[in-house]
Amino acid sequence: MTNRPVLRLIVVGLMFLIVVESKKVDPYKVLGVDKSASQREIQKAFHKLSLQYHPDKNKNKGAQEKFAEINNAYDILSDEQKRKNYDLYGDETGTPGYSDFTSGGPGHSGFNFRPGGWENMGGQQGSKSFSFSFGGPSSGKPSSSGFGFNDIFSSIFGGGMGGGGSQFGGFSSSSGSQHGTGRSAKSMQSVNAQFYRKEIVDNGMTWLLFVYTSNLKGIQHYESLVDEVATSLQGALKIGSINCESDASFCMELSVYPRREPKIFVYSYTSSDKGSLTEYDGNLDVKSLKSFCQDHLPRFSSRVNLENWNAASEFGRIPKVLLLSTKKSTPVIWRALSGLYRKRFVFYNAEVRDVSDPSVRKLGVDSLPAVVGWLSNGEKQILKSGISVKDLKSAVQEISSLLDKFDKKNKKAASGKRDNTETVEESIPLLTSSNFHDICSEKVPVCFIGVSRSASNRDKLQKILQSVSQKSFSRRQSSTSGSRDSVSYALLDASKQQPFLNALNKSGLKSAEKLLVAYKPKRGTYATSEGEVTEETAEGFISSVLNGDVHFSKARWKPTVN
């Protein structure tokens, strides 16, 4: 009779093992993927299911439990070591007997029971597990958990199955934190105060930042979401994580400390040249977050219509680059590059139908998309046409390389170094038949032309106009568009371009050695400076023209340049 309680205990124990075994959950089945699935396939399956069963979205009975199962399954399969252990032993720890009833080979078996284990999502602290295991037929030793299989049989039969006796043990419990993520915050670029100020602030790159503490719910879901969006926009933005548990003061300084759940921020340049943090508070799905990130990419590229835009009208020391494409809006890649190179180039982009477009042919482009550049001296170059790339990241890298080379060429030209016999180092272009209709087209209100008959006088005028063109009075901001006044500057070799002077009804022009002419192409009118041309007199003349204080005369006929 004294053995009946022990027999009941054995029966209960065996029934308990059967129940646990029957509830064993296969993480592959939970996520609905094959055992040969790639990490990308696992991640996509997890993201889809977590969105479907997220407690904030799914209020059905059992959704929370299912959501926890999905998180734990992803915890195992997204970690290569845990996945390998599960495939080999049926348990992610690599220790037989940890998760379910498993065999550890001769001499050891056991199981582990975790009440509400699937509900304990990554990052939730205080989860509790209970376990017991038992020695094999020949061990006679109690397991580390304290419940020896021989203990039961020694109580019934007076000895262990292997002939040895041992002390009766019992269940043991252990408390701890169960925290795991697939693409965890630890695998992202860790962002602290020093890194933030040195690598992120005002460096031109858009950052997607994941802000968390380890005790928050839903960490895996947020991480997966951030990672997938960052992957799809790789090259246009970077990803980082801020651990407010280890760097609380930094989080407080930025006002980003998360309280109930992780937070997502974008560091961007949408409103000004200075970057700023914007919190994402939309739906927790890839489409919404990706759209939010794209909306916050830099906007330093001006959208122009080639039919009424002229590169020469925007004169300045910074070179210009223009993207020609069939896109109805500014491409993501161009917006990203406009942020990275915003201090080195003035960015434009235009939508064109195809290469048969007259404005495209005029630029000398034979295939699309294409990037056209203008050096500081007004010289036009086609950086590349027919651009073909396999993905966003490689596109950013390829065009960045083109822009870097173009920037070096512009610096070389500005420093006075010559690549050939052409005067590419001059900041003010020399009028020729090929550039006259660009620099002094009817779309340009006023074209200021320095006229000279000798190389020495041309050099003097070039320096004067180069200096004057940068003065604030000749670069006034438009209150509506924020762009400069559309005036252009050029030089004219009077010894070779006499037909241009003949069109102007002004005595003394034919013999003048150095002269400054203001020409209004649309009206066909002109005005000339009086006396010696110096920087001071040039400033006064140009200022008077822009203020409407100078009388303009009608030209005999439309001037032309050979």
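Student: How many bridges join β13 to strand β14, and in which sense do the two run?

Tutor: Good place to begin, and keep in mind that this is a predicted model. In general, strands of a sheet pair through backbone hydrogen bonds, either parallel or antiparallel. Here five bridges connect β13 with β14 (residues 380-385), and the two strands run antiparallel.

Student: Which residue takes a positive phi in the hairpin of β13 and β14?

Tutor: That is G378, with phi near 95°, in a hairpin that has five residues between the strands.

Student: Why is β13 described as largely enclosed?

Tutor: Five of the five residues of β13 (residues 370-374) are buried, so the rest of the structure largely encloses this strand. Buried here means under 20% relative accessible area. Both faces are covered: A370, V372 and W374 are buried on one side, and V371 and G373 on the other.

Student: Now the other sheet. What is its strand order, with β5 and β9 included?

Tutor: This open sheet of five strands reads β5-β7-β6-β8-β9, and its pairing is mixed. The edge strands, each pairing on one side only, are β5 (189-190) and β9 (276-279). Within the sheet, β6 and β7 run parallel and are joined by seven bridges, with L208 opposite I239 in β7. Helix α8 packs on the sheet, where it touches β6, β7 and β8, and its direction makes about 175° with that of β6. Helix α10 also packs on the sheet, touching β6, β7, β8 and β9, at about 25° to the direction of β8.

Student: Which residues touch the most other members of the largest nonpolar core?

Tutor: L208 and L289 do, in a core of 44 residues. Elements giving two or more residues to this core include β6 (206-212), β7 (237-243), β8 (263-268), α10 (286-295) and α11 (332-340). The largest share, seven residues, comes from α13. Beyond its neighbours within four places in sequence, L208 is in contact with residues including V226, V229, I239, I264, V266, L289 and C293.

Student: How do I check the length of a helix such as α4?

Tutor: Compare the expected span with the distance between the end C-alpha atoms. At 1.5 Å a residue, the 15 residues of α4 (residues 63-77) should span 21 Å, and its end C-alpha atoms are 21 Å apart, which agrees. For α8, the 14 residues should span 20 Å, and the end C-alpha atoms are 20 Å apart, so that agrees as well.

Student: Is α4 buried or exposed? What does it pack against?

Tutor: 12 of the 15 residues of α4 are buried, so this helix is largely enclosed by the rest of the structure. Among them are F67, I70, Y74 and L77. The buried residues pack against α2 (27-31), α3 (39-53), α5 (80-89) and α8. As for α8, 12 of its 14 residues are buried, so it too is largely enclosed, and its cover includes α3, α4, β6, β7, β8 and α10.

Student: What angle do α4 and α5 make?

Tutor: Two packed helices are described by the angle between their axes and the distance between the axes. For α4 and α5 the angle is about 95°, with the axes 6 Å apart. The two are therefore roughly perpendicular to each other. D75, I76 and L77 of α4 make the contact with K82, R83 and Y86 of α5.

Terms used
Residues are numbered from 1 along each chain as its sequence is written. This is a predicted model: local features need pLDDT of at least 70, side-chain atom pairs count only at pLDDT 80 or more; totals for chains, interfaces and linings use all residues. Side-chain values use heavy atoms; hydrogens and water are left out. Buried means under 20% relative accessible area, exposed over 50%, partly exposed in between (1.4 Å probe, protein chains only). Helices (H or I, at least four residues) and strands (E, at least two) are DSSP runs, numbered from the N terminus. Two strands pair if DSSP finds at least two bridges between them. A nonpolar core is a set of buried Ala, Val, Leu, Ile, Met, Phe, Trp, Tyr and Cys residues joined through side-chain atoms within 4.5 Å. Contact means heavy atoms within 4.5 Å. Axes are lines fitted to C-alpha atoms, for helices over the stretch in contact, and angles run from 0 to 180 degrees between N-to-C directions. The expected span of a helix is 1.5 Å times one less than its number of residues. Angles under 35 degrees count as roughly parallel, over 145 as roughly antiparallel, 65 to 115 as roughly perpendicular and the rest as oblique.
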